[in-house]
Amino acid sequence: MIKRRDFIALLGGAAAWPLAVHAQQAAVPVIGFLNSASPGPYAPNVAAFRNGLSELGFAEGRNVAIEYRWAEGRYDRLPEMADDLVRRRAAVIVAGGDRAALAAKAATATIPIVFMVGIDPVAAGIVPSLGRPSGNLTGVSILNSELTPKRLELLHELIPTVSTVALLINPRGSGDNTVKDVQSAAESLRLRLHVLHASTEAEIDAAFAMLMQIGAGALAIGPDPFFNARTEQLAALALHHGIPAVYQFREFAAAGGLMSYGTDSPKEAYRLAAVYAGRILRGEKPGDLPVQQATKGELVINLKTAKALGLTVPLSLIARADEVIE
């Protein structure tokens with residue numbers, strides 16, 4: 001028979017169990033995952049991020065929690081999402097995309113931030129230095145914006161008879177510097193450049209319809225998370241309209257795009273960012289971790305698409321390709 005005082009003690013212990021469980025849960029660090037794009041197309045990147053965390057012994061749901069915030073191309077939502085992660089006291093914020101990085105920086109000067117951006121983070125004012133970023137930010141830069149003029153050169157080499165080209169950018173993104181750099185490249189190649197804008201799927205369709213009206217013979221897709229999440233749509237539209245197009249990542253060429261030129265797959269950037277997030281959770285300071293930078297361009301050519309467009313790819317271009325899809 002249980003004595004009255006033992007029964008009361010037993011009740012007290014049972015009442016304390018939820019509190020103990022809650023305390024254990026509260027001790028699990030939270031990573032705030034802030035991203036400019038949409039979760040569906042970026043699922044491979046999230047998987048790479050989780051793999052990067054596992055390299056340092058972190059597993060989502062076991063010893064780390066991840067709070068996801070997806071802007072789905074609506075960049076105006078990013079500041080409030082960043083503020084929400086700050087209110088939830090995330091141990092570290094991982095920001096995917098230029099606008100996400102800037103929103104996170106504006107939201108907190110104390111919570112560590114690890115970014116993945118496609119621009120020069122020093123020129124964009126995200127960090128003062130690559131080697132010693134200082135403050136609460138560090139991350140990975142894949143510098144794909146800076147490679148856009150080179151993409152135009154590759155298009156010109158593939159189809160030198162074209163005199164008018166188009167550049168598709170997202171006006172809600174950070175495309176101003178891209179336009180400036182591509183305009184300069186177009187002038188040096190004596191090409192007439194038209195800049196088209198799209199920030200919704202309907203506007204992408206409208207931009208492709210506009211290509212015929214302006215007489216563009218080729219198209220360069222500007223670097224932007226909104227476009228990166230729509231590889232198949234952009235590749236299919238270019239083929240449907242018979243327009244040779246160049247993109248920034250291999251995933252576009254694999255989806256049927258003519259040609260891509262950019263740094264290694266973004267999945268690697270997400271893995272590296274996860275490793276940095278894990279190191280910060282272990283106690284390292286973001287300002288002591290140098291910004292990692294990928295600068296080597298990877299050229300991928302889809303010969304099947306070239307044939308469908310009636311193009312003959314010069315042997316000199318094929319010889320320089322890192323991968324040829326047949």
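A residue is termed buried if its relative accessible area is under 20%, exposed if over 50%, and partly exposed in between (1.4 Å probe, protein chains only). The model described here is predicted: local features need pLDDT of at least 70, side-chain atom pairs count only at pLDDT 80 or more, and totals for chains, interfaces and linings use all residues. Residues are numbered from 1 along each chain as its sequence is written, and side-chain values use heavy atoms, with hydrogens and water left out.

The protein chain contains 13 helices and 13 strands; these are DSSP runs numbered from the N terminus, helices being H or I with at least four residues and strands E with at least two. Of its 326 residues, 50% count as buried. Contact is defined by heavy atoms within 4.5 Å. Among contacts between residues at least 6 apart in sequence, 70% join residues at least 24 apart.

Eight aromatic pairs are present in the structure. Rings of Phe, Tyr and Trp (its six-membered ring) are paired if their centres lie within 6.5 Å, and a pair is stacked if the planes are under 30 degrees apart, edge-to-face if over 60, and tilted otherwise. The pair of F226 and F227 is tilted, with 5.6 Å from centre to centre and 55 degrees between the planes. Both F226 and F227 are buried. The pair of Y247 and F252 is stacked, because the ring centres are 4.9 Å apart and the planes lie at 5 degrees. Y247 is buried at a relative accessible area of 0%, and F252 is also buried, at 2% relative accessibility. A cluster linked by ring pairs comprises F33, Y42, F49, Y68, W70 and Y270.

Helix packing was also examined. Two packed helices are described by the angle between their axes and the distance between the axes. Axes are lines fitted to C-alpha atoms, for helices over the stretch in contact, and angles run from 0 to 180 degrees between N-to-C directions. Angles under 35 degrees count as roughly parallel, over 145 as roughly antiparallel, 65 to 115 as roughly perpendicular, and the rest as oblique.

The axes of helix α7 (residues 201–214) and helix α9 (residues 231–240) come within 10 Å and cross at roughly 20 degrees, so α7 is roughly parallel to α9. In this contact, E201, I204, D205 and F208 of α7 meet Q233, L234, L237 and A238 of α9. These residues divide into five nonpolar, one polar and two charged, where Ala, Val, Leu, Ile, Met, Phe, Trp, Tyr, Cys and Pro count as nonpolar, Asp, Glu, Lys and Arg as charged, and the others, Gly among them, as polar.

α3 and helix α4 (residues 98–107) pack at an angle of about 50 degrees with their axes 8 Å apart, and the two helices are therefore oblique to each other. L78, P79, A82, D83 and V86 in α3 meet R99, A100, A103, A104 and A107 in α4. The residues of this contact comprise eight nonpolar, no polar and two charged.

Backbone angles were considered last. Most residues other than glycine have a negative phi. R89, in the loop between α3 (78–87) and β3 (92–96), has a positive phi near 55 degrees and is exposed at 73% relative accessibility. R190, in the loop between α6 (176–188) and β7 (192–197), has a positive phi of about 60 degrees and is exposed at 77% relative accessibility.
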